[in-house]
Amino acid sequence: MTETTVSPERALVVEEGGEAQRGFIGTNVPRKEDKRLVQGEGVFFDDVKRHEMGFVYFVRSPYAHARIKSVDVAKALELDGVYGTLTGDEVAILTDPFFELSTPPGAHIKDYALAVGKVRHVGDPVAAVVARTRELARDAAELVEVEYEPLPLVLDAEEALKDDVILHEDAASNTVWSGVFDWGDFDAALSEADHVVRIERLHFDRFSSTPLECSGCVVEFNRGTGQWTIHGNHQMPGIGAIWMAPALRVGIDKLRFVSQDIGGGFGNKITLHPQYTACCLLARKLNRPVQWTEWRTDQHTANTHGNERTFLDVTVPVKADGTMLGFSVRALDDCGAFPRYEPLGCIIWAQVTPGCYRWRNVRVDFTQVCTNKSPVAPNRGYSRMQHLWLTERIVDIVSHELGLDPIEVRKKNYVKHEEFPYETPNGCIYDSGDYARCLDIALDLIGYSSLEEKRRDAESRGKLFGIGIGSTLDSGTNNFGQSMILNPELQFSGNNEVATVKLDIFGEVVVTLGTVPQGQGHETTSAQVVADILGCTPDDINVRAGHDTYWNSTAGFSGTYASQFAVTGLGAVKGAADKLAVEMKQLAAAVFGCSPDDIELAESQARIKANPEAALPFMALGAILNANNAGLPPELDVTLNVRHVYRPPFEKPDLERKYGNLTLTYATQIHACALEIDPETGVYEVVDYAAVDDCGNRIHPQIVEGQVHGATAHALGAATHEIFTYDEEGNLLTPNFYDYHVPHALDMPPIKTGFIESASPFTPLGAKGMGEGGGAGIHAVCAALQNALGRRGEGPIVWRSCNPSQGVWELLQSPEKTRKLVSVESR
Amino acid sequence: MEVVARKTIEVEVNGESYEREVEARRLLIHLIRDDLDLTGSHIGCDTGNCGACSVLVDGVLVKSCMMLAIQADGTKIETVEGLARDGELTALQQAFSDHHALQCGYCTPGMLMSATALLRVNKHPSEPEIRKAIQGNICRCTGYVNIVEAVKAAAE
């Protein structure tokens, strides 16, 4: 069941010749991608076949931490149909370590395509085998003999901090990066407070959005040009190439990334460079195309997880009326065996430093450490989700301890509608929004006014009833200058994305994107934008499917990640279409002998405004310029093939103060959850759920709502059962969908959705990126559990992000265990 | 008992007959995808949980990663490629598009086969019946909301 509240609809108009007409932006046009996908005619990387290609299988470590004494591939090579192998020793000779983002100690970590000298997590690849069939490659991998010398291991972040067991000897410490962020005057806030609430420990658990399509690639090497073509599903090829090219000791243009359809990414496909580099080496060494399809078990065990973060010594100064003045915390982030993209997570949370709140005094002491677990990578809601979970737990626990209504406390502390654009204590500019109104809509959707009735009804059935809110921001369009707060030596700042739009010889409008879509409907929304600008319909627009580095439509930050397509991608599309519109008018004016100002684009024609009968259809324009151009004025400088790079307006941050605008847009998601717990078993059920989204102007409302549904499902899975847990030897206990239960159709509660549209004043279309949702569902479920389990300083404290029924039962059995995590000092 | 390492099998897929020699251990999904080049059916797990490879074998819904190719010898198989006729989408396929029941499209072929199997035996399923019918198919994009809506709409 889905219900959509309808906010007052904004006028959807295209200004053309002073006349307003309804445009395609803001409407649910049919998705261009669907026709091929519902017929099984999409092309995913695993559908790409090349003559005589060999199948790659990685030999992986059964130990969480061990020295590699020897790797012997002789028996594997003897097997008929095996084409060749690759070992860590070869990789160490043929490549340089991937560059590290962090300052020391993390800067000294050496990370290669295969394990060199040591393995650091179960599943760490030590060798690769290539064979004629998938099955044979797996057989051959069994014949690779690896001798290990097991080492002591460390799986817990706090233990890792002690450096008793060190993963990376070159770094001489497990600490990757640490830094203190201090904004406002936290000590003054403490002395001003009427209550100080202290929370000893909160823990955000490890999980991942586990895209249904595993990672992989088909790699071809062109011996003549020294160029690799990687048909894969890397969702951020720009950064992939930046990692791979120096490691492979080649120019960046030697790496061509191609993808058409990708079966979900959610950030988990941003750090595929180690496996891709191994495949590049194999394609070159064996002189044949190689194909690697990751197995599900390998993805769970050894690809990427989301960040696990422990929050220690949370201190919250509160005024008597429930106004919070800020917070301080020690955050300890566990990035697993290799940091890769991850040190950026040490900064990225700062995009949403005070959450949705007017808190001015924040001190965060942040440390990231390595442990003998799978590496982590961006995961839907990346780094902000963990931090927003903290801000939401703060609001609920403080309310709970002081006997305040968490809804009233939220409203009191939210940034107010009239305060936008709002500058946070660390210089981020929240562009627009109305959090209190979104909350009211969410409450209305779950029937908050009849809450006490629902509570009584549940209690009459012996159930505990709780209601909870998750208020989040989906910060989108990164200012990569934030990486310089991590490491001032990094030469990254700003952001960019590219699109090209051309009018072809037969009048076909062709759009080429720099992005790497994984289901977000980029072909459709791009066509909507171009159609409105050129005066035609989305059906007239051919948006090329997928990504190809060699389309010359990419820039340094090209990719699909971090909630930004509606801003950067469509900003580029709009810019290119605007330029093309100018050229089409110039060409038509040259043909008609009038001024370009006299020309309008409408009904797939360029025509004279005052005399619409005088019209050149798009086909005529395309044909004249491309194939029938004799007699055109020599000074007419049009190509009908334009490229636009959208560059958001950013400054470099102040590195000393760790201060500046880190993202361009802030979409809001406010979720409300009602649940009932069986106190005998801890089993609970979400009985009502609402998600309210504000992402500014919605280009395609149906796609926006679909993203809300999906992000909610991820969050509900993470809140209730999705968790990566390890045994004491570092074996992942949830290595496949059998043990790692993701929501199925029967698990999902009915979701009601609502929206408002607070246009962003900073973006080309007033739209904001919104795909991640900030993990709102995790926060809402935790809040509802807290609400159900006890009130006014009694009952257990919900201190972990994942609360399966077993965990809830334990909270109910021994409330004192978690109760002691919290203390209140009232003055 | 004779140990069979390879076997020649015949299958009819979407009305076309194929004869292939396959290893005894070859999974049906690999026969379909790799040997017959019908890449619409997908693989999302190693354990039979995700349902992306769902096809109909002699009219019965099967996860084709849970069946050996040689077990399918002599059967009639239907895959997603066989749903539309002459480019004309089925009501279910059209409903998936109309209701935005797909995002990345990776689970979609399996989801369509499960829903097709349901609608053949139950013309007017209730929402719980729809959810039960697709519970063996994992979707990571949609939260199932619009998939359920699409199946309902197709039934009407």
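Which strands of chain A does helix α17 (residues 565-592) lie across, and at about what angle does α17 run to β25(A)?

Modeller: This is a predicted model, in which local features need pLDDT of at least 70 and side-chain atom pairs count only at pLDDT 80 or more, while totals for chains, interfaces and linings use all residues. Residues are numbered from 1 along each chain as its sequence is written, and chains are lettered from A and ligands numbered from 1 in the order in which they are written.

Helix α17 of chain A lies across β25, β26 and β27 of that chain, and runs at about 125° to β25(A). Helices (H or I, at least four residues) and strands (E, at least two) are DSSP runs, numbered from the N terminus. Axes are lines fitted to C-alpha atoms, for helices over the stretch in contact, and angles run from 0 to 180 degrees between N-to-C directions. Two residues are in contact if their C-beta atoms, placed from the backbone, lie within 7 Å.

The three strands themselves form an open sheet in the order β25-β26-β27 (chain A), with antiparallel pairing. Two strands pair if DSSP finds at least two bridges between them. Because β25 (599-602) and β27 (611-617) of chain A each have a single partner strand, they stand at the edges, and one side of each is left without a neighbour in the sheet. From one strand to the next, the twist averages 35°. β25(A) is joined to β26 (residues 605-608) of chain A by 4 bridges; in β26(A), Gln605(A) is the bridge partner of Ala602(A).

A further helix, α18 (residues 618-627) of chain A, lies across β26 and β27 of chain A and runs at about 50° to β27(A).

Beyond residues up to four places away in sequence, Cys279(A) touches Val56(A), Cys217(A), Val219(A), Val290(A) and Trp292(A).
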